[in-house]
Amino acid sequence: MTADHGREAVYAAEEAAFGGTSYDSLVEFDELLWLRNALQSSSWWAAGQIVVERARIDAVSSTTRQCDGGQAQIRIAQPQCTPLTFAHEAAHLLAGVASGHGPVFRRAEIDVVVAMFGSEPGMWLADSFTEMGLEVAPRSWREPTVGPLQRVIDLA
């Protein structure tokens, strides 16, 4: 397995952009399922069905993995049951799980944030990546439809 260069820097950029906002606040798991349904049914989303499950009760971090048969699966850990964590994991689906946290992933995360939360939060993340010196790849999919998709998640 290869090292996932940039992972910690991506986490730091997310914290700088969204720490203390409602996007990084715990919500009920059903809210993430609502976001999943809205994202995968939007005309922009081209990464197919999104499988989201709760992680094991003792899990402390969320993951996205490629399962047998090619289906990707997001597992959300209770301590990370936030809209931002879901956006992060959905970005892995859009970029391709093998992209790690590199430039293609970072482009995907900005686009998922724009689709889910709107252009201003997308700019917060893009600016944070720039400030941290993290490269963002050119888009290889359609430009996202600007959100917000959220139902009860307010701008913080």
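## Helix 4 against helix 5

In this predicted model, helix 4 (residues 103–117) packs on helix 5 (residues 119–131) at an angle of about 160°, with the axes 7 Å apart. Axes are lines fitted to C-alpha atoms over the stretch in contact, and angles run from 0 to 180 degrees between N-to-C directions. The two helices are therefore roughly antiparallel (over 145 degrees). Helix 4 passes helix 5 in a right-handed crossing, meaning that the near helix is turned clockwise from the far one by less than a right angle.

From helix 4, R106, E109, I110, V113, V114 and F117 meet S119, P121, G122, L125, A126 and F129 of helix 5. Contact means heavy atoms within 4.5 Å. These residues divide into eight nonpolar, two polar and two charged. Here Ala, Val, Leu, Ile, Met, Phe, Trp, Tyr, Cys and Pro count as nonpolar, Asp, Glu, Lys and Arg as charged, and the others, Gly among them, as polar.

## Aromatic rings

Rings of Phe, Tyr and Trp (its six-membered ring) pair if their centres lie within 6.5 Å. The count comes to five aromatic pairs. F18, Y23, F117 and W124 form one aromatic cluster. F117 also belongs to the helix 4 contact with helix 5.

## Whole chain

The chain has five helices and three strands, taken as DSSP runs (H or I, at least four residues; E, at least two). From the N terminus on, their order is α-α-β-β-β-α-α-α. The C-alpha trace spans about 40 × 35 × 30 Å along its principal axes.

## Basis

Residues are numbered from 1 along each chain as its sequence is written, and side-chain values use heavy atoms, without hydrogens and water. Local features need pLDDT of at least 70, side-chain atom pairs count only at pLDDT 80 or more, and totals for chains, interfaces and linings use all residues.

Note on methods:
Parallel < 35°, antiparallel > 145°, perpendicular 65-115°, else oblique. Phe/Tyr/Trp six-rings, centres within 6.5 Å; stacked < 30°, edge-to-face > 60°.
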